[in-house]
Amino acid sequence: MSFFKRFRKQPEPVEPETPVAPVVTSKAKGFVPPPPRPTPPASADPKVASLEQRRQSIENAIELVQRSADSDSPFQQRIAILNTTLDSIEAEIRAATSFERRELPGLPSTPIGDISVTLDPVPDVRFSIGSMPFEYAEEIDWAERGTQIVRGDLLPVTVDIEPLIPESISGAIRAELTAHLDRSLFSFATDLRDRAIEGREQPTGVTLADLAKACTRCGDWELWGGVCLRCLAHETRLRELNEERTRLLDDRSSELEERQKQVEELPIQRRRLAETNAELQKLRA
Ligand SMILES: [Zn+2]
């Protein structure tokens, strides 16, 4: 009680009865109110009782703000958790930013030719790699015929990838290159189909090597059309990490602003306390 005496001022015009506590109650998650103080015996006079109750709630509010500077206060603990999480996200961003360049074997410059695309009844794409024939086609979707054109995915009809990969490439890299070539051939066939539909010229002078070019940035194989899936995944990861970092920074700003607001309201709270005490004194005189 005496702690607050120094905040007493000359009585000022009394404000109408307004709920005081919600003004300083933290809206932040994890808010733990201080334990209730022992309440003095309720006064018989309802006016005195109401003022005593008011004084109690202002004192609690002031104490809560003053406590927020302590390292074990809920506010400081939330800030500490946010800081730790931010540090680890930033470490992840640093680790993800420098990403290792891969050195991978390429494919031989076997010519790709005999490109032929028919569109009726559904797109059918054929080409040869060396002497091997390849074919992709869309399924005939009878339900859609005559009503609306729905472009589906091409499906492999004649596709044999294994013989395209030199014997010198083996093990895990061979399996990885097989999977890459499967996707890159699909991109190539889809590009041929789209060019035919849009009346554009088909590519010339293409070789097998063009289906597994090294990405200039990371060294991984690019799909036909220049897309590097590794760079794409990496960019997505970095974007997600940066979004998480922004979210954490926003949370921390909100916490700090909320507390700043409460600290700025301290003089008002102290004035309210002084007014309440002065009123109580007057009633008791
Ligand atoms: Zn790349």
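Ala189 and Leu211 touch the most other members of the largest nonpolar core, which has 22 residues. A nonpolar core here is a set of buried Ala, Val, Leu, Ile, Met, Phe, Trp, Tyr and Cys residues joined through C-beta atoms within 7 Å. Buried means that 20 or more other C-beta atoms lie within 10 Å of a residue's own, with C-beta atoms placed from the backbone. The model is predicted: local features need pLDDT of at least 70, side-chain atom pairs count only at pLDDT 80 or more, and totals for chains, interfaces and linings use all residues. Residues are numbered from 1 along each chain as its sequence is written.

- Helices (H or I, at least four residues) and strands (E, at least two) are DSSP runs, numbered from the N terminus.
- Helix α4 gives the most to this core, with six residues.
- Beyond its neighbours within four places in sequence, Leu211 is in contact (C-beta atoms, placed from the backbone, within 7 Å) with Leu107, Leu181, Ser184, Leu185, Phe188 and Trp224.
- A second, separate core has six residues, among them Ile58, Ala61, Ile62 and Leu64.

**The sheet**

- Four strands form an open sheet in the order β1-β2-β3-β4, with antiparallel pairing. Two strands pair if DSSP finds at least two bridges between them.
- β1 (112–118) and β4 (155–158) stand at the edges with a single partner strand each, so one side of each has no neighbour in the sheet.
- Neighbouring strands are turned by 20° against each other on average, direction ignored.
- Five bridges join β1 to β2 (residues 124–129). Gly113 has Ser128 as its bridge partner, and Thr118 stands opposite Asp124.
- A hairpin of five residues links β1 to β2.
- β2 and β3 pair over six bridges. There, Arg126 is partnered with Glu135.
- The β2–β3 hairpin has two residues between its strands, and Gly130 in the turn has a positive phi of about 60°.
- Val125, Phe127 and Ile129 make up the covered face of β2, while Asp124, Arg126 and Ser128 make up the uncovered one.

**A helix pair**

- Helices α2 (residues 46–67) and α6 (residues 266–284) pack at an angle of about 155°, with axes 9 Å apart. Axes are lines fitted to C-alpha atoms over the stretch in contact, and angles run from 0 to 180 degrees between N-to-C directions.
- That makes α2 roughly antiparallel (over 145 degrees) to α6.
- Residues of α2 that meet α6 include Leu51, Ile58 and Ile62.

How values were computed. Buried ≥ 20, exposed ≤ 12 C-beta atoms within 10 Å, placed from the backbone. Contact = placed C-beta atoms within 7 Å. Parallel < 35°, antiparallel > 145°, perpendicular 65-115°, else oblique.
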